[in-house]
Amino acid sequence: MDQQFLSQLEQTLGAIVQPNSAGLKEATKTLQNQFYKQASTVPALIHILQNSQDDALKQLSGVEARKLIPKFWKDLDTEVKNQIKSSLLQTSFSEPKEIVRHANARVIAAIGTEELEAQQWPDLIPNLIQAASGEDATTRQTSTFILLSLLEDYTPSLMAYIDDFLNLFGQLINDSASLETRSLAAQSLNHVSGLIEEQDQINPQQASKFASLVPSVVGVLDAVIKADDTSNTKKIFNCLNDFLLLDSQLTGNTIGDLVKLSLQIASNTNLDEDVRVFALQFIISALSYRRSKVSQAKLGPEITMTALKVASEEIDVDDELNNEDEAGENEENTPSLTAIRLLAFASSELPPSQVSSVIIDNLSNMMQSTNQFERRSILLAISVAVTGSPDYILTNFDKIIPATITGLKDTEPVVKLAALKCIHQLTSDLQDEVAKFHEQYLPLIIDIIDSAKFVVIYNYATVALDGLLEFIAYEAIAKYLEPLMNKLFFMLQNNNSSKLRCAVVSAIGSAAFAAGTAFTPYFKNSVQYLEQFIQNCSQIEGMSEEDIELRAITFENISTMARAVRSDAFAEFAEPLVNSAYEAIKTDSARLRESGYAFIANLSKVYGENFAPFLKTVLPEIFKTLELDEYQFNFDGDAEDLAAFADGATEEDLQNKFTVNTGIAYEKEVAAAALSELALGTKQNFLPYVEQSIKVLAEQVDESYGLKETALSTLWNIVKAVFLASNIEPDNYPKGIPSTSYVDASILAVIQNVRSVSMTNLTEEFETSMVITVLEDFSNMIKQFGPVIIMDNGDSSMLEALCMQVLSVLKGTHTCQTIDLEDDVPKDEDMDASETEATLLDVALEVLVSLSYALAGDFAKIFENFKPVILQLCQAKSKNKRSSAVGATSEIALGMKSQNPFIQEMLETLLIRLTTDKSLDVRGNAAYGVGLLVEYASFDTLSIYPPVLKALYELLSAADQKIALSTDDESTTEMIERAFANACGCVSRMALKNESGVPVDQAIPAMLAHLPLTISYEEYTPIFELIIKLYQSNSSAVTNHTPKIVEFFAAVFQKDNERIKLEQESTLGREENMERLKQFQTDEMKVKVVELLKYLNTNFNGIVAQNSILAPIVA
């Protein structure tokens, strides 16, 4: 060996290991550019590893040799190789220092990997197995470490030794002399499991043997925990995490036991906090990878109770109340915080019956506890559960709202803070439903703001105020507006903190959003207060993140005000602020660019086609943002350093350098939203940009990490914009399967492009949220613009493909539904679904409803394939599945109308549900469908009238009783009101079809007792028609109740007037479902009702004119 070369190498390596070495960078370059390009460096490094007097130098030499062996080993002489192999095995067992011994072992493993691949060194594994089976404890440990290092490097040739490894590590995992050897054996078994799975077919004997050793791995975990060995504890938990990904043959029935063990560890306060966090993180992983196992074993309640217990442990109160760094808090790993994260994850992955219901069951007791940390934890549990199961949380508002109010009044600041966080999250997820309680919340929150002694409480109180204000009903905000605006202006003036000002500015924007045009008197004053924060928009040098956030949030909220006060009031500020927004978009700040796009999106809502002149400057920036790379490679150094790193890096090293820039991902999402609004607002002016928009967005659907769903929905919004630009209005298309396209070639080309992207992302997609997005988009677009969305020129191949995917969802066999399923977990139809799974079923059914609406009678051929599945779902054990299927069946009956060949069969199914189902929701949906089917039946249905009328009477009675018992349960109230509407609609349709079968003199009073409707206003159509028909025949069933009927119509017209006022005065885009508030489904029906009112006024002594609401109508 060249001594000079060796000496220079050792000297250069020395400069690396010396602390604060001035020549560090130079030494690194010398190694990369000179030594690490020569095969002779490998034996030199190994020589230093074996002979240096400096342990740090030995270790570094071992690390570097291991990296170079894959590159240069094959270039070395056979004699040199043999000499190295022999000497390394000797020094590995004789080296006294463990860290150096391990460095030797890893070099042996690297060489072994190369040799075994080349079918050399055949005695390596047998010799190591023999040594690991010997009497000497140190030899066993060293041999095991070398074997572990070989297994970590992985080579297929190791598969030949699987049985030997299982026997060896099965013995060593119970080694009485060394806990370290037991840990190494457990880690080795983890890698052996990978070898078993890598075989073409899993060997059942090997799988069974491995499964039998899992309890021994648990035994090692118990031992290292008792030994207070945190390092090995983490390693064993890592093994258990890997076990979650194994084929069920290798884990047997151990997953449930591992979760239970982790729950015990997590709840043991005598253990090290890190160990408890490892246990909680394992449970999160189990929910992620083995959700079916956990759910099937009904472990959710136990997980929830343990998480609540851990979350209730004492925390550092001072830290909690003085920690303004939310990002830092999210990165902390204390048992308490991790337990809250576990609750958040569990509520999303498991059915509400296993998580959220357990939280609600403990709400009262924990809120009454004398332990402030228990009160804090249950409020935080509610705050995280709402995102995973919003519907269930909503049904329990009668318990939750009082608990949060109690929390706001709590004397302990940490509980008050938890209540504010809870209200903030509730408003984020349930919006208007929470804002209904503004009268209880607002005084308490404002009092907290006024008396806050901690900045974090002041901030969260302002954030909670912001959320409530944003969603307060338009008619309710008026009485608060003046004192609120004075309060918010005062808060803005008396705070110098940019972070606190952000919350106040957002609250001002929310007040404007809620108030609509009623905000106009406060608009100019607001802009004067806020414009100071956005001056010199492009100059951001030296600004803190919080300063930039204040500038960004000011932009966003001024544009919200523009939507509230509308174009005329905003006109004088429009051009300069649009120019400032454009400046923001051009800055280097992702957050400012994002706010600029939000501003543009809002202004396009306000100005519509008048915003067209700005397209040529704004759209290029949007496209540029959408093409930004969300992935970044984190490397400090110049090009030479990078080249050197890449040359020696493993695939794992490279992967670890890649991260996703979530800031850019969110900026792109806002830019896509702005693109949607610009397309829909500027209509034909946007057409020149359609092609590029589709190209850029399609790339994002294919490549983006965080934008896929938004990009896809934006694509469909552009399709909608193209329709609108061509003056094709929603719902105005020929029903049935089209033989030719009913849109021109340019529109068809756009549809085909987007359709193709959507279908590609439906067939093999494993993310449930993406499948939901695709199905929702198809459902909405098909209903609005007809069958051309999914087929054209007689080609039904895409329609057939879509139907196949929908059918797979309904059967539970779609990729997104089976990716987490395990072969050994029997499918339990009775098992509750998570709310995400329930949503997936709903949107799949909604696609069929939209197709029935678009295809009318031609849908019959499609429905023939779906009928057995849907009618079976109508009888499912799960109430939610029955309700969804019965509702969809009813809507499909409406879609096909009288062209439905399955009326008899559908009627029989729905009649069974109406007369026998225990669920009020299911019976209400069935009533709707029965009424429609009776209306459209071509055969005599008079024979079913008696049982239907009896069932409707029982339905109304049950609903009356339920509403009398209910308190503030919004979801239950809505269900009851829908049952009222459907029952009234059903009996009206039956009477219209065959009056002789309905005792109208009894039915009309019963109906009037449940009118006016508060939901499902489409049921007014048959109700109005029946009343008109009965007056035409001068039936005493209505004439005797004329005063009550006039009151009813007054309520209807008042509600319609409120809707019109809302359209004219509320913030643009706020009331997106305005159509659902329509009291008259057609203008013709409104004319008929007006004519009836005039008739009543004439024939009943001016009774209508005496009503202040109806008087103008009959004047």
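Predicted model: local features only at pLDDT ≥ 70, side-chain atom pairs only at ≥ 80, totals over all residues.
Helix 6 itself covers residues 98-117.

**Helices side by side**

Now for some helix pairs. Two packed helices are described by the angle between their axes and the distance between the axes.

| Helix pair | Angle | Axis distance |
|---|---|---|
| Helix 45 (residues 879-896) and helix 47 (residues 920-936) | about 20° | 8 Å |
| Helix 37 (residues 690-703) and helix 39 (residues 745-763) | about 5° | 11 Å |
| Helix 40 (residues 768-785) and helix 43 (residues 835-855) | roughly 20° | within 8 Å |

Take helix 45 and helix 47, which pack at about 20°. Angles under 35 degrees count as roughly parallel, so helix 45 is roughly parallel to helix 47. The crossing of helix 45 past helix 47 is left-handed. On the helix 45 side, the residues making the contact include Lys 879, Arg 882, Val 886, Gly 887 and Leu 894. Helix 47 brings in, among them, Asp 921, Val 922, Tyr 928, Leu 932 and Tyr 936. Sorted by class, this contact of helix 45 with helix 47 holds nine nonpolar, five polar and four charged residues.

Next up, helix 37 and helix 39 pack at an angle of about 5°, and they are therefore roughly parallel to each other. Which residues of helix 37 make the contact? They are Val 690, Ile 694, Ala 698 and Val 701, and they meet Val 750, Asn 753, Val 754, Val 757 and Asn 761 of helix 39. The contact of helix 37 with helix 39 has seven nonpolar residues, two polar ones and no charged ones.

For helix 40 and helix 43, the axes cross at roughly 20°, and that makes helix 40 roughly parallel to helix 43. Helix 40 goes past helix 43 in a left-handed crossing. Among the contact residues are Val 771, Ile 772, Leu 775 and Glu 776 of helix 40, along with Leu 840, Val 843, Glu 846 and Tyr 853 of helix 43. Eleven nonpolar, five polar and three charged residues make up the contact of helix 40 with helix 43.

**Backbone spots to look at**

A couple of residues have a positive phi without being glycine. Arg 566, with a phi of about 75°, lies in helix 31 (residues 545-586). Lys 897 has a phi of about 50° and sits in the loop between helix 45 and helix 46 (903-916). Is Lys 897 buried or partly exposed? Its relative accessible area is 35%, so Lys 897 is partly exposed.

Further along, the peptide bond from Leu 1011 to Pro 1012 is cis, with omega near 5°. You'll find Pro 1012 in the loop between helix 50 (1000-1008) and helix 51 (1020-1032).

Last stop: Lys 1044, in helix 53 (residues 1042-1065). This lysine, Lys 1044, is partly exposed, with a relative accessible area of 41%. The C-alpha atoms of Lys 1044 and Pro 1005 are separated by 9.2 Å, while the two residues are 39 residues apart along the chain.

Key. Residues numbered from 1 in each chain as written. Heavy atoms only, no water. Helix = DSSP H or I, 4+ residues; strand = E, 2+ residues; numbered from the N terminus. Expected span 1.5 Å × (residues − 1). Axes fitted to C-alpha atoms, helices over the stretch in contact; angles between N-to-C directions. Parallel < 35°, antiparallel > 145°, perpendicular 65-115°, else oblique. Left-handed = near helix turned anticlockwise from the far one by under 90°. Contact = heavy atoms within 4.5 Å. Nonpolar A, V, L, I, M, F, W, Y, C, P; charged D, E, K, R; others polar. Buried < 20%, exposed > 50% of the residue type's maximum accessible area, 1.4 Å probe, protein only.
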